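I set out to record what I looked up in this structure, entry by entry. The notes begin with the sheet and then turn to helices and single residues.

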Amino acid sequence: MKHIAVIGAGTMGNGIAHVFAQNGFKVQLIDVSQEALEKGLQTITKNLDRMVAKEKITNATKNTTLDNISGFTSIKEGVSKAELVVEAATENLDLKLKIFKDLDAFCTASTILATNTSSISITQIAAVTSRPDHVIGMHFMNPVPIMKLVEIIRGYNTSDKVTNTIMNLSKILNKVPVEVNDYPGFVANRILMPMLNEAIETLYNGVAGVSEIDTVMKLGMAHPMGPLQLADFIGLDVFLSILNVMYNGFKNPKYAPCPLLVNMVNAGKLGIKSGEGFYDYSESRKAEKVSGQFLKG
């Protein structure tokens, strides 16, 4: 397997493309938006520059990695040579079903179709194709170039051959693949999302403030990042979407999103991506921090 297509040039998509390209695969990075595609390629370049600066890779590796990536705005053109397609579009069921219908039509019969979904049923996605045995979940963790875990999710009809191929491929990427079955949220988000939601409930109920909640979890539970900061990092809209999938899948009130989360998403406070969530990431806030540091100096 040498040719990999990645659908979506956002945070997860460009990270997945980066990892495949750095490990010698020819990658076709696809996004319907030329602007998003260019931004994704710029992000990959910046991340590679950071790795060079830290002496984790050489300039030669950086250049080879970039040479391995080609950009496309047409799915049909981008997947023409692909032996594996990894879909990393927005966590929206209708969009993913549309993409997989197109992939089924445009890809060769032997092409494996993978999705980076963090919660949506692999079996449901596979059902819109004529090759459900060739559909599988590859749930990478963010940031993709750094995080080792890949959840490998088998749909109801995913074949042993395809599962073994993707497990072995993940190891070639220097990742640690873990095979799980197809239930809402899989393993990672089934455990993580209720915890983050409970942290928001704790804030909503006035038990403690944002920094206090995060400090307790970081210092008391040895978490590298507090739950509210992590929610901002994930994106509160993505977080809400995952919770809704789990709530609808399990019909259990413990997965019901906190009203504060719903209100924040409706207000456009989505975390880092919008500049404000539980924390302020705006340019003015950055300027204040720089000014404060200057005055202290």
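I looked up β1 and β2 and found that they run parallel, joined by five bridges. Two strands count as paired if DSSP finds at least two bridges between them. Helices (H or I, at least four residues) and strands (E, at least two) are DSSP runs, numbered from the N terminus. I noted that alanine 5 has glutamine 28 in β2 as its bridge partner. Four of the five residues of β1 are buried, so β1 is largely enclosed by the rest of the structure; buried means under 20% relative accessible area, exposed over 50%, and partly exposed in between (1.4 Å probe, protein chains only).

I recorded the origin of the values: this is a predicted model, in which local features need pLDDT of at least 70 and side-chain atom pairs count only at pLDDT 80 or more, while totals for chains, interfaces and linings use all residues. Residues are numbered from 1 along each chain as its sequence is written, and side-chain values use heavy atoms, with hydrogens and water left out.

I then traced the open sheet, whose eight strands follow the order β3-β2-β1-β4-β5-β6-β7-β8 with mixed pairing. β3 (69-72) and β8 (176-181) stand at the edges with a single partner strand each, so one side of each has no neighbour in the sheet. From one strand to the next the twist averages 25°. Axes are lines fitted to C-alpha atoms, for helices over the stretch in contact, and angles run from 0 to 180 degrees between N-to-C directions.

Within the sheet, I found β5 (residues 112-115) and β6 (residues 135-140) paired in the parallel sense over three bridges. Threonine 115 stands opposite glycine 137 in β6. Helix α1 (residues 11-22) packs on the sheet, touching β1 (3-7), β2 (26-30), β3, β4 (84-87) and β6, and its direction makes about 170° with that of β2. Contact here means heavy atoms within 4.5 Å.

Next I examined helices α8 (residues 188-204) and α11 (residues 236-250), whose axes come within 10 Å and cross at roughly 115°. That makes α8 roughly perpendicular to α11; angles of 65 to 115 degrees count so, those under 35 as roughly parallel, those over 145 as roughly antiparallel and the rest as oblique. The contact is made by Asn189, Arg190, Met193, Pro194, Leu196, Asn197 and Ile200 of α8 and by Phe239, Ile242, Leu243, Met246 and Phe250 of α11.

What does threonine 65 touch, leaving aside its neighbours within four places in sequence? I found His18, Ala21, Gln22 and Leu48 in contact with threonine 65. Threonine 65 lies in helix α3 (residues 59-67) and counts as buried at 1% relative accessibility.

A cis peptide bond, with omega about 0°, joins asparagine 142 and proline 143; proline 143 lies in the loop between β6 and β7 (149-154). Asparagine 174, a residue other than glycine, has a positive phi near 65° and sits in the loop between α7 (160-172) and β8. At 48% relative accessibility, asparagine 174 counts as partly exposed. Phenylalanine 186 also is not a glycine, yet has a positive phi of about 55°. Phenylalanine 186 is in the loop between β8 and α8 and is buried, with a relative accessible area of 4%.
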